[in-house]
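Reader: Could you take me closely through a single part of this model, setting out what surrounds it and how it sits in the whole?

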Amino acid sequence: MLFWILVATLTAAVAAVLLLPLLRAAASAEAPQSHDVEVYRDQLEELKRDEKNGLISGDDANFARAEVARRLLAATDAVKAAAPVQPVKRGNRLAQLAVILILPVVGLCLYLRTGNPDVPDAPLAARLANPGNDMNILIARAERQLVANPEDGAGWDVLAPIYYRSGRIEEAAVAFRNALRILGATPVRLGGYAESLIALSGGLVTNDARDALQKLLAIEPGDPRAQFYLALALKQEGKVPEALAAFEQIVRTSPAGAPWLPLVNDHIAGLKGDTPAAQQAGTPLGNPTGEDIAAAQDMSAGDRTAMIEGMVGSLAEKLKSEPKNFEGWIRIIRSYSVLGQKDKATDALKQGLAVFPADGSEGKQLLALAGELGLKADGGVE
C-alpha cells in the first residue's frame, strides 16, 4: 500500500508541475483594450502636470481632460465586457486533459505490464547471489568465493580464461597455475598457463612456459599450439636448424587450410633467409636473444616490464622501416596489450591492417588477435 501511495503522490506532483504553465497561460489572457486603459490614465496624469507647470491653459486642459476621460470610460467598458468571455483555447484544454488523465493512465498500464512492486531491493550481496548474465558480477562472485575458499579449483578454472580474454594477464597466469595445482594438468590449462607466461614476458617463451608446453605434448601429442611455441623458443635461442625442422613438422602434420599455417610459413621463410637481412641471422625483427630470455628468468616484475618496454620500442622503430614483418605486428600488438597500453595496441593494429588488409590471411589473423585481446579495428576497446 505504501508503494501505491508514493506512486500517487509522485504522479500528482508531476501533473501539477506540468499543469501550472498551462493554467497560467489561460489566466493571463487579457482583453486588447486593457493596454488602452493604462495609456489614458497616464495621459490624465500628464495633463495635471502640464497644467500645474503652466504648459497648458485651464480651458485647454479641461477640454483635453474631458476627451481623454471619455476614451478611458469607453476602454474600461470594453474591458469589462470582454472579461467574462475568455474561452480557453482548444489546444490548451487538450493538453490539460492529457496531463490529468492520459499520462497517468498510460504510465500505470505500462507499469502493470512490465513492473513488479513486490520485487525487493537488490543490494550487492543479492546481485552476487543471482548474477544472471552480468559478466562483471559473475567475476566478482567467483573472486569472493575464492577469497573464502582459495582451494576451489573449479573457480580458478573458470576465471583463468576470462582473465586472459580481458587482458588481465598476470591474474590469468595465477589462476591457471592454481587450477593446475588443485585440479591437475589438462591440455587447456597447460596451454593457457603457457600463453599467459609468454604474454607476460612480451613474447618470450620462458623456461616455465616451455615446461608447460612439453607437458601438454605429453598428454596430447601433435597439439599445434604447443608445437608452435616450442619451435618459436628454438628460434628465439638462435637454434635455426632445429627451429626450421620444428616449424616444417607443424606444416606436415597440419590439415590443409589450417588458420595457423600462414604464420608458420612466415617463420619458415624467415629461417630460410627469404626475408630482409635483419631476419636472416635467425632472429626476426624485435625478437629477444637467448641472453634476453635467460636474463628475464631472474628479473623482478618491474625490471621485466622495463625490458619488455625497451624491446617493444625497438620493435616499433624497426617496423617503420620493415612494415612487411607480419610476426612483428603480431608481437607488438600483443606486447602493448600486456603492458596495458590499449591505445598503442589499437594504433599498431590499424597500422598492421594497413599493411596486411583484413581480407587477406594475415589480416584475418590480426583481426583474430584483436578479438582475443578485446581490441577494435576501428578504434577503442571492447
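What follows is a close look at one helix and its surroundings.

Author: This is a predicted model, in which local features need pLDDT of at least 70 and side-chain atom pairs count only at pLDDT 80 or more, while totals for chains, interfaces and linings use all residues. Residues are numbered from 1 along each chain as its sequence is written, and side-chain values use heavy atoms, with hydrogens and water left out.

The protein comes to 19 helices and 0 strands, where helices (H or I, at least four residues) and strands (E, at least two) are DSSP runs numbered from the N terminus. Of its 382 residues, 34% are buried, a term that stands for under 20% relative accessible area, against over 50% for exposed and in between for partly exposed (1.4 Å probe, protein chains only).

Helix 10 covers residues 207-219, and its end C-alpha atoms are 19 Å apart, which agrees with the 18 Å that its 13 residues should span at 1.5 Å a residue; the expected span is 1.5 Å times one less than the number of residues. The buried residues of helix 10 are Ala 209, Arg 210, Ala 212, Leu 213 and Leu 216. They lie on the same side of helix 10 because they cover an arc of only 160° around the axis, the arc being that of the directions from the helix axis to the C-beta atoms. The face turned away from this buried side carries the exposed residues Lys 215 and Ala 218.

In helix 9 is Glu 195, which counts as buried at 16% relative accessibility. Leaving aside neighbours within four places in sequence, Glu 195 is in contact (heavy atoms within 4.5 Å) with Tyr 164, Arg 225 and Tyr 229.

Helix 11 (residues 224-236) contains Phe 228, which counts as buried at 13% relative accessibility. Not counting residues up to four places away in sequence, Phe 228 touches Phe 247, Ile 250, Leu 263, Val 264 and His 267. Phe 228 is also among the residues with the most contacts inside the largest nonpolar core, which has 62 residues, the others being Phe 247, Ile 332, Ile 333 and Leu 366; such a core is a set of buried Ala, Val, Leu, Ile, Met, Phe, Trp, Tyr and Cys residues joined through side-chain atoms within 4.5 Å.
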